[in-house]
Each structure stands twice: as structure tokens, then as C-alpha cells.
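This briefing is meant for a reader who is meeting the structure for the first time. Please look through the sequence and the model before turning to the points that follow.

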Amino acid sequence: MAESLNLVVEQDQAGLWRVTSPNIAGLLATGHSRREALSNVDGAISHLQRVQRFAGIVTDDALRCGA
């Protein structure tokens with residue numbers, strides 16, 4: 001069964017939209033609109049995976065959500 005990915009979407013005082021997740025520590029996607037920020041989530045997860053693999057912090061399984 002696939003795990004749910006919970007997202008927190010907020011707009012800051014400057015108008016930038018930010019997406020974080022309690023499921024994935026360090027995840028941050030941004031955009032000038034809510035839609036843009038949400039569409040950037042996949043790229044942010046991929047980037048976070050590359051950074052963590054490079055640093056030897058985590059395996060691929062730790063960031064799989066909904067796969």
C-alpha cells in the first residue's frame with residue numbers, strides 16, 4: 001500500500017508560496033503561485049535525494065512516498 005505524502009502549503013509575506021512536508025525532512029518547494037510551488041515538489045524531492053545520496057545521509061527508500 002502506498003504511503004500518503006502530506007504537504008503544507010503556505011504563502012509568505014512577500015507573496016512567495018512554499019511547500020514543505022512532515023513526511024520528508026528538508027523538503028522545500030517554492031513558486032510565485034500555489035500551482036507553481038506544487039508543481040515544483042517532484043523536482044525538490046529529486047534534488048533532495050541527490051544531495052542526501054552525495055552526503056551519504058540516506059538511502060533511496062527513505063524518500064519514497066506514494067511509489
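The buried residues of H2, where buried means under 20% relative accessible area with a 1.4 Å probe and protein chains only, are Val41, Ala44, Ile45, Leu48, Gln49 and Gln52. They cover an arc of only 140° around the axis, judged by the directions from the helix axis to the C-beta atoms, and this places them on the same side of H2. This is a predicted model, in which local features need pLDDT of at least 70, side-chain atom pairs count only at pLDDT 80 or more, and totals for chains, interfaces and linings use all residues. Residues are numbered from 1 along each chain as its sequence is written, and side-chain values use heavy atoms, with hydrogens and water left out.

*Helix H2*

- On the other side of H2, Asp42 and Phe54 are exposed, which is to say over 50% relative accessible area.
- The cover over the buried residues of H2 includes strand E2 (17-20), strand E3 (29-31) and helix H1 (34-39).
- After H2 comes Gly56, which has a positive phi, near 70°.

*The chain as a whole*

- The chain has two helices and three strands, taken as DSSP runs (H or I of at least four residues for helices, E of at least two for strands) and numbered from the N terminus.
- Along the sequence these follow the pattern β-β-β-α-α.
- Of the 67 residues of the chain, 22% count as buried.

Conventions
Contact = heavy atoms within 4.5 Å.
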